[in-house]
Amino acid sequence: MNTASLTPARPALARRGGKEMSDLGFAMTVIVAVYALNTLIIGVPLGYSFWLSLHDTNAILRTEEFVGTDLYGEVLADPAVIDAIWRSLGFVAMCVAGSFAAALGISLVLNEEMPLRGLVRGLALLPWAMSQVVTATVFSFLLNPSFGALTGLLAPLGLANAATVWLSSDWALFWVALAFVWHVAPLGSFFYLAALQTIPRDLYRAARVDGAGPVSRFRHITLPHLKHTTLIVLVVMTVEAVRQFDLLFSLTRGGPGTSTQILPLLIFRYNFEFSKYGLASAAAFLLTVLSLLLATAYFMLIRKKRPQGDSHAK
Amino acid sequence: MRNDAAQVTGEGWRPWLVGAGVALVAFWSLFPIYWTLKASFMDESAIIMGVAHNAGGYTFDNYLRVLGLSSSDSIFGGQTKAIMTGFVNSALVALPAAAAGTAIATLAGYVLGRFEFPFKGPLLYVLLASRTLPPIALLIPYYVFFAAIGLAGSLFGLWIVYLTAVIPLLSWVLMGYFASLPVEIERAARMDGCTRWQMLRHVTLPMALPGIAAAFIIAFLVGWNDLLFAIVLTGGTSAQTLSASLLGLSPLMPGFRADLGLFAAASMLAALPPLALAMLFQRFITNLNIVDPVTSNTD
């Protein structure tokens with residue numbers, strides 16, 4: 001945190017006449033206004049959602065009955081929810097591992113000196129700029145068993161059967177995770193790119209003089225510098241994967257069967273297909289608690305000052 | 001400089017490795033898009049025969065049908081009209097949401113990035129927590145609210161919902177951006193007798209314009225690309241946005257014979273504005289440092 005050092009001249013500014021608002025007054029006015037707005041549009045709905053989760057609503061009779069935490073118990077006893085939670089965990093694990101690897105790889109390439117680097121970076125950004133609905137379109141064309149690229153690639157090699165196996169429901173979660181990785185990796189790569197640009201060039205030069213090869217330079221200079229960013233990338237990707245809805249909804253709608261029905265999709269079905277508002281709210285609230293835990297981890301990571309020794313550690 | 005160094009240490013292979021890496025990144029990023037783009041210029045029957053071979057030659061017909069300029073379209077007239085309406089609706093909600101969200105977040109980001117005040121830590125935590133909320137958790141209460149007060153199926157309702165996503169995200173991002181701008185110029189302006197608003201208008205805003213522009217684009221993408229809120233709050237109504245309309249063309253939708261060429265063309269058209277913006281403003285977006293605003297300039 002270096003914001004304090006940005007306004008050391010505050011007394012000098014404040015001396016300028018009493019008519020104008022002080023720095024603190026100005027800051028507090030803006031903060032109170034913005035947080036009041038956020039409370040209204042985010043806090044109140046969340047509170048309402050919590051209230052819904054404590055009531056059994058009947059959509060037809062329009063009645064609400066207070067049931068305490070019964071719905072939470074019901075949610076956690078529902079095998080469909082347990083299945084969805086396990087599937088979510090698998091999905092998140094694949095997404096986080098995949099997007100970490102892809103983001104790091106892409107950023108290492110984009111950090112190199114090259115002609116037209118701006119253009120290359122722009123191209124690498126494209127999958128992220130595309131909506132998840134269009135990402136789903138793109139992957140449905142790639143993976144379609146009859147005319148997709150994967151089939152087109154494998155059929156001439158005599159592997160048409162392999163393609164059928166890979167595109168079966170056993171692999172569905174893997175493919176949607178791959179689509180997610182494709183979509184979200186550019187974001188992580190820009191986190192890494194920002195970190196890579198702060199590594200002093202001198203370190204590499206000195207290491208070369210000392211005879212360190214490219215592999216050991218990467219291991220002893222690049223990787224230690226990326227430790228902090230890696231933690232943040234892992235948390236951000238986890239958050240994104242846990243929140244994930246659009247891509248799966250438009251690519252598989254949770255299918256085939258329920259093979260890609262992760263928690264947010266199940267909540268969606270509870271609410272909008274079965275009108276179980278209370279149950280859906282309870283499940284959504286559990287998801288909210290999970291995301292709060294992730295936010296806490298994220299917050300502690302960034303509040304913790306980057307350790308001084310980090311950059312030079314082995 | 002790097003080339004000299006490479007020669008000194010005999011790393012002549014390096015440019016080749018970088019070249020291979022660029023090729024790989026380009027293939028990874030572009031091939032999936034290329035595949036659908038190719039299909040979008042093909043006839044329905046040719047797509048089913050296999051996009052790789054493309055027996056039927058290329059045609060603009062899919063695009064003409066999306067734009068309502070083709071006479072060969074009969075069954076899908078309703079769906080293509082929905083795409084065009086979706087385009088307009090998406091612009092009508094995403095642009096104002098981005099404008100309002102960016103304006104509010106600029107103020108918030110400036111204050112958070114420049115000043116110390118009581119309870120700043122907890123307030124930052126609240127901001128971050130609202131940024132990580134799962135959208136589905138907000139959708140359910142908004143859905144019930146809007147149904148009750150008659151805002152379901154309206155762009156205004158969707159606009160409010162997008163602000164819930166845009167304000168925390170951009171306040172966070174712009175906080176880091178403002179903290180990275182030099183405070184000395186502002187201080188000098190105040191010393192020279194500018195009032196706070198004069199300083200903000202004539203010094204701070206011009207200086208921060210690249211970051212604010214990038215934030216605006218990110219906010220626009222949030223609204224333009226959203227599906228979940230759009231499909232629940234506007235799906236099937238006259239306010240239906242582009243993502244929801246696109247999904248209506250998807251082969252996945254039950255009980256509906258899909259037109260793959262039309263679907264591909266509509267998807268590519270829908271992706272055009274975000275892709276163009278990302279290419280044009282790549283440098284601004286990259287420089288925003290979305291990840292780590294609080295510690296980004298402690299090095």
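T260(A) is classed as buried because 24 C-beta neighbours lie inside 10 Å; the class requires 20 or more other C-beta atoms within 10 Å, with C-beta atoms placed from the backbone. The model is predicted: local features need pLDDT of at least 70, side-chain atom pairs count only at pLDDT 80 or more, and totals for chains, interfaces and linings use all residues. Residues are numbered from 1 along each chain as its sequence is written, and chains are lettered from A in the order in which they are written.

T260(A) is located in the loop that connects α13 (246–251) and α14 (263–272) of chain A, helices being DSSP runs of H or I with at least four residues, numbered from the N terminus. Leaving aside residues up to four places away in sequence, contacts of T260(A) include A172(A), L173(A), V176(A) and L248(A), a contact being a pair of C-beta atoms, placed from the backbone, within 7 Å.

At the interface, 97 residues of chain A are in contact with 90 residues of chain B. On the chain B side, helix α2 (residues 14–40) supplies the largest share, twelve residues.

The largest nonpolar core, with 179 residues, has I267(A), A283(A), V166(B), L170(B), A215(B) and A266(B) as the members with the most contacts inside it. Such a core is a set of buried Ala, Val, Leu, Ile, Met, Phe, Trp, Tyr and Cys residues joined through C-beta atoms within 7 Å. Helix α8 (residues 155–180) of chain B contributes the largest share of this core, 17 residues.

How values were computed
Helices (H or I, at least four residues) and strands (E, at least two) are DSSP runs, numbered from the N terminus. A residue is buried if 20 or more other C-beta atoms lie within 10 Å of its own, exposed if 12 or fewer, and partly exposed in between; C-beta atoms are placed from the backbone. Two residues are in contact if their C-beta atoms, placed from the backbone, lie within 7 Å.
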